[in-house]
Amino acid sequence: MSTNTRFQLMVMMFLEFLIWGSWYVTMGTYLGTNLQATGVQIGLAYQTVSIGAIIAPFFIGLIADRFFPAQRILGVLHLLGAVVLYLLGQQTTFTNFYPLILIYMLLYMPTLALVNAVAFKQMSDTATEFPPIRVLGTIGWIVVGNVIAYLALEKSQSLDKTFLMGAGTSAILGVYSFFLPNTPPPRSKEEKISVRDILGLEALGMLKNPSYLIFFIGSILVCIPLSFYYNFANPFLNEAGMVGAAGKMSWGQISEIGFMLVLPVALVRYGIKKILLVGMLAWMLRYICFAYGDAGANYWMLIFGIILHGVCYDFFFVTGQIYTEQQAGVRFKSSAQGMITLATYGIGMFIGSYISGYVVDMYNVNGAHNWTSIWMVPAGLALVILLGFAFFFKQPAKSE
């Protein structure tokens, strides 16, 4: 890969995740303060991510993989997305906001697969070439979080500007995409494709393996308490008095980069099962820290809960992707990754988004949230899942 191509792909990844991070972290705070949305409504807004994750494989399989170059579709989707993001920042009621955020996620979620397709097409060795490029996406998320914190947008009625920031960046990436390396569709128009191909259901045979079945079920279940963090951490931290919460939440992505470097060594030394259990344990500890943390003497608990993100994400989700690849074998690698993504970001977080919103409303009395009780709910769920996983999941062999 040439230096110029590598630079192009790095910029693409940086902008792709800067767009998402510009509004996603603070959307719950925006809805609660600017639109006076309930917890259930905030959960429904975040649930659109799961809907987009479920629909995206159909879009990629039926259109992007067969008819048009990936970089052109990427450009069109981001240009359309820029318009929708701009409109989102103009809404004054949740009733008008919801259909727009749903449309936007249907546009945005397929782009996550498209940027990977564009990148992989240019690589001869994905194992060594992709990580340094993909990490620019994490850096983009970190940068925009700190920009939001620097401008103090969370502490004013200016949170609508986060959508304008995302709209501007989306327009830039939309135009930029047309100048990316050509990535023609991998399938012909005449090639038949089934629902099983699109959703990765041909990999369902992997569930005959008892160990993988337990992992698969555990992956869905762990995404239920996970949704509490993604949907309500920013509103909670702002209510707790944390200054520049969005910027400090980006420390979780910095932690993610650090633990990604530790992960290969940890897997060799301790094995898949122990690493997965540590990842689950980290989710439980994070919620306990949030339950009892505050802006006073226990401020360190809030910071520690944020920094745990690296363990939470890498030691469960990345490890799960590695485990899935090991179990799938050569024939079903892509299908298996599609199946586990559908299970986690699709089914698991879809359920979790609704439950988290319901719990937040349940512990909201006259506008005052009992955050200790709220965070102990996902902590309890994570503990039950952890114990069940520890009991039933058996350390697999690669050849299993």
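Visitor: What makes Tyr98, Ile101, Leu102 and Met105 contacts of Thr48?

Guide: In this predicted model, a contact needs heavy atoms within 4.5 Å. Tyr98, Ile101, Leu102 and Met105 touch Thr48 in that sense, with residues up to four places away in sequence left out of the list.

Visitor: Why is Thr48 called buried?

Guide: Buried means under 20% relative accessible area. Thr48 has 1% relative accessibility, so Thr48 counts as buried. Thr48 lies in helix H3, residues 39–64.

Visitor: What does the side chain of Thr48 reach, and at what distance?

Guide: The side chain of Thr48 reaches the backbone oxygen of Ala45 at 2.5 Å. The cut-off for a polar contact is 3.5 Å between N or O atoms, so the pair at 2.5 Å qualifies.

Visitor: How do you know that Ser356 is buried?

Guide: The relative accessibility of Ser356 is 0%, and the limit for buried is under 20%. Ser356 therefore counts as buried. Ser356 belongs to helix H14, residues 333–362.

Visitor: What makes the pair of Ser356 and Asn231 a polar contact?

Guide: The two side chains are joined at 3.2 Å, and a polar contact requires N or O atoms within 3.5 Å, one able to donate a hydrogen and the other to accept it. The side chain of Ser356 also reaches the backbone oxygen of Ser353, at 3.0 Å. Asn231 is also among the residues that Ser356 touches, a list that includes Ser227, Phe228 and Phe232.

Visitor: Why is Leu79 called partly exposed?

Guide: Partly exposed covers the range between the 20% limit for buried and the 50% limit for exposed. Leu79, in helix H4, has 33% relative accessibility and therefore counts as partly exposed.

Visitor: Why is helix H2 called mostly covered?

Guide: Six of the eight residues of H2, residues 27–34, are buried, and buried means under 20% relative accessible area. The buried residues are Met27, Gly28, Thr29, Tyr30, Leu31 and Asn34.

Technical notes. Residues numbered from 1 in each chain as written. Predicted model: local features only at pLDDT ≥ 70, side-chain atom pairs only at ≥ 80, totals over all residues. Heavy atoms only, no water. Helix = DSSP H or I, 4+ residues; strand = E, 2+ residues; numbered from the N terminus. Buried < 20%, exposed > 50% of the residue type's maximum accessible area, 1.4 Å probe, protein only.
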